[in-house]
Amino acid sequence: MSRPPNHEFQEWWNSQRDKHTGLFVDKSDSPNWLTVEIRSPSADPSAEKPRTRTARQISWVCLLRFHQIANSFAYLTNGFVSVLRTANRRIASSSSRSRRSDSRLYRVIKVFLILVVVLLFVELVAYFKGWHFRPPAVGSSEVVDLVELVYANWLEIRANYLAPPLQSLTNLCIVLFLIQSVDRIVLVLGCFWIRFRGIRPVAEMDYSGDLESVNEEDYPMVLVQIPMCNEREVYHQSIAAVCIQDWPRERMLVQVLDDSDDMEVQLLIKAEVQKWQQRGVRILYRHRLIRTGYKAGNLKSAMSCDYVKDYEFVAIFDADFQPAPDFLKNTVPYFKGNDDLALVQTRWAFVNKDENLLTRLQNINLSFHFEVEQQVNGVFINFFGFNGTAGVWRIKALEECGGWLERTTVEDMDVAVRAHLCGWKFIYLNDVKCLCELPESYEAYKKQQHRWHSGPMQLFRLCFVDILRSKVSVAKKANLIFLFFLLRKLILPFYSFTLFCIILPLTMFLPEAQLPAWVVCYVPGLMSLLNILPAPRSFPFIVPYLLFENTMSVTKFNAMISGLFRLGSSYEWIVTKKLGRSSEADLVAFVETESERLVGSSSLHRSSSESGLAELNKLEMTKKTGRNRRNRLYRKELALAFILLTASVRSLLSAQGIHFYFLLFQGITFLVVGLDLIGEQVS
């Protein structure tokens, strides 16, 4: 039975064929062959009609665009209002506190700010009167009023008396800047050479085997010290990490050196030590009644114990450090066969490097310090500054160079310099890492940097004569004096603060003194790029890093001056605040496994352990939070922010592009830091 014809399809086909009559064209000249050319329908001019939109569609598109703009404007407005409220709250909180005495540097910066504001007012008057394009001259007949005469005399004084000394200071800072840049380039090239040649220290002894299959007498006696002071948040992490070291228990002794003045913290640490003692670990708790000398006094007191003479090496860890279980196996073997080796230093790794912008910027700085500075100096000259933790010392070397001294706030650098002058060598292990924590608040970071930059100047002033009288080679003396101390500890903060925070704003108001654009932009950008190479994941933060380093120059400069001339609180030691953000999951799991292996069913006194844990839990539940933490204002940074922003306005009048943008963004960075909007925010 045949299918009935589909008339609807036939009608549609005929209509489409009539509509596209030009789609199939007969191109053949011969009647015997049929040549068909297939054209695109778009080739038909009649098909290229403009697509129109209805009024309803246009209105909806406009409403959508308006909604997006309104949302963006509301987001920016809310952010700006939030920043203003935060700033207002912190200003009110700062004004309600007891007023502190102004530092010398802050008083100088305030005078400089007043001067810059006055100069900006003068330049604005001259700009609106047209003197900016045709400056008046003294003795000219065109000078008609007193204001114009005063401005003409100011121009003459500025050109003849103020600009030349400013230009000389500018040239000096540029030379120092270039010298320091060359030093940084040489360090980076040395790091590339180490990587290219695969240079790394080689240990003659290997302790990688299982403890049960080797003779314990082959392992040297190691003393492990954990100095701490009121470390409520992190004490248990460092103690646990040290107690699970893969090292024979009879060949290792742990000293917990507690300088806490908080009785609750003392009881917590005692309970933690007792818990590990019951698990079979040889660990002791020491507390000084007279807390003199800060960390150096604590370590010095611990080294005076009679049983220390039975040990050959000492490993030191700060309270927030968590060495891996194989730390001693990866460091102690390098002493075998190297009788002149005093120190094995390892690299720091940070558990909270991505916590906020401040920790990311710190990670860039410290990655360059360890990857480049420490590694290059360790390979080529066998000397670098001891970092105070995550290192192993030969006790004989410590005793020969005089031990721990309390004369500076950088006792680690002090003992390293004295050991170097005695002829001892150092090794740096870049592939052995020790977990630790970065300060997350700007207040803690600023105090840490103040101590790190004032201490070296104290040490340089005290040991300069000792360096000259030492029996080391002239090259080592020159390296210590010119590179280690002067260039990297004194010149760097001096030119960084002077060039970008003082000279650059002044050149906007004294245009006769020139600061080239390559000094402001190109060379600092190149140096920031080199600094960020050891941490390539931080490349998106290269501009914030450059601006933040210039912001920190005021703190480093102030610390350097106070340490060099013994001003202010240069000898004050403040423990860096930790929050206990260490990764504990793997550590706890390892502790449980290690406890089962060490204790067994009969060696653990369950009753005493449970009582100790009960005491620990009770104290943890009733511990006090101490004084409330809060964000604060930083007056020096705020004053410099207004100075730079004022100079940016003057630069805008002169149409100086690179200088204007640098001053603007640098001033905003100082403002953000001064309001404590970087780092941890405490509500």
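Analyst: Contact here means heavy atoms within 4.5 Å. The model is a predicted one. With that cut-off, and not counting residues up to four places away in sequence, Gln 449 touches Met 552 and Lys 556. Gln 449 is found in helix α12, which covers residues 442-469. Gln 449 has a relative accessible area of 5% and is buried, since buried means under 20% relative accessible area.

Two packed helices are described by the angle between their axes and the distance between the axes.

Take α15 to begin with, which spans 542-565. The axes of α12 and α15 are 7 Å apart and pack at an angle of about 40°. The two helices are therefore oblique to each other. Their crossing is right-handed. On the α12 side, the residues that meet α15 are Tyr 442, Tyr 445, Lys 446, Gln 449, His 450, His 453, Ser 454, Met 457, Gln 458 and Arg 461. On the α15 side, the residues are Phe 548, Met 552, Thr 555, Lys 556, Asn 558, Ala 559, Met 560, Ser 562, Gly 563 and Leu 564. By class, this contact has 8 nonpolar, 9 polar and 3 charged residues. An α-helix has 3.6 residues a turn, so residues three or four places apart point the same way. Gln 449 is among the α12 residues in this contact, and Met 552 and Lys 556 are among those of α15.

The other partner is α13, residues 474-509. Here the axes lie 11 Å apart, and the helices pack at an angle of about 165°. That makes α12 roughly antiparallel to α13, because an angle over 145 degrees counts as such. The crossing of α12 and α13 is left-handed. From α12, the residues involved are Pro 456, Met 457, Leu 459, Phe 460, Cys 463, Phe 464, Ile 467 and Leu 468. They meet Lys 477, Leu 480, Ile 481, Phe 485, Leu 486, Lys 489 and Leu 490 in α13. The residues of this contact divide into 13 nonpolar, no polar and 2 charged.

Ala 478 is in helix α13 and is partly exposed, with a relative accessible area of 30%. Its C-alpha atom is separated by 9.3 Å from that of Ile 467, 11 residues away along the chain.

Ser 538 lies in the loop between α14 (517-532) and α15. Ser 538 is buried, with a relative accessible area of 8%. Leaving aside neighbours within four places in sequence, Ser 538 is in contact with Asn 363, Ile 364 and Ile 532. The C-alpha atoms of Ser 651 and Pro 505 are 146 residues apart along the chain and separated by 8.9 Å. Beyond neighbours within four places in sequence, Ser 651 is in contact with Met 508, Gln 656, His 659, Phe 660 and Leu 663.

Away from this part, α7 (residues 294-303) has 7 of its 10 residues buried, so it is largely enclosed by the rest of the structure. Those buried residues pack against β3, β4, β5, α10 and α11.

Aromatic pairs occur too: a search of the whole structure finds 27 of them. In one, the ring centres of Phe 370 and Tyr 428 are 6.4 Å apart and the planes are at 20°, so the pair is stacked. Phe 370 lies in helix α9 and Tyr 428 in strand β9, so the pair ties together parts that are 58 residues apart in sequence. Both of these residues are buried.

As for the whole, the protein chain comes to 19 helices and 9 strands. Of its 683 residues, 48% are buried. Among contacts with a separation of 6 or more, 81% are between residues 24 or more positions apart.

Key
Residues are numbered from 1 along each chain as its sequence is written. This is a predicted model: local features need pLDDT of at least 70, side-chain atom pairs count only at pLDDT 80 or more; totals for chains, interfaces and linings use all residues. Side-chain values use heavy atoms; hydrogens and water are left out. Axes are lines fitted to C-alpha atoms, for helices over the stretch in contact, and angles run from 0 to 180 degrees between N-to-C directions. Helices (H or I, at least four residues) and strands (E, at least two) are DSSP runs, numbered from the N terminus. Angles under 35 degrees count as roughly parallel, over 145 as roughly antiparallel, 65 to 115 as roughly perpendicular and the rest as oblique. A crossing is left-handed if the near helix is turned anticlockwise from the far one by less than a right angle, and right-handed if clockwise. Ala, Val, Leu, Ile, Met, Phe, Trp, Tyr, Cys and Pro count as nonpolar, Asp, Glu, Lys and Arg as charged, and the others, Gly among them, as polar. Rings of Phe, Tyr and Trp (its six-membered ring) pair if their centres lie within 6.5 Å; planes under 30 degrees apart count as stacked, over 60 as edge-to-face and the rest as tilted. Buried means under 20% relative accessible area, exposed over 50%, partly exposed in between (1.4 Å probe, protein chains only).
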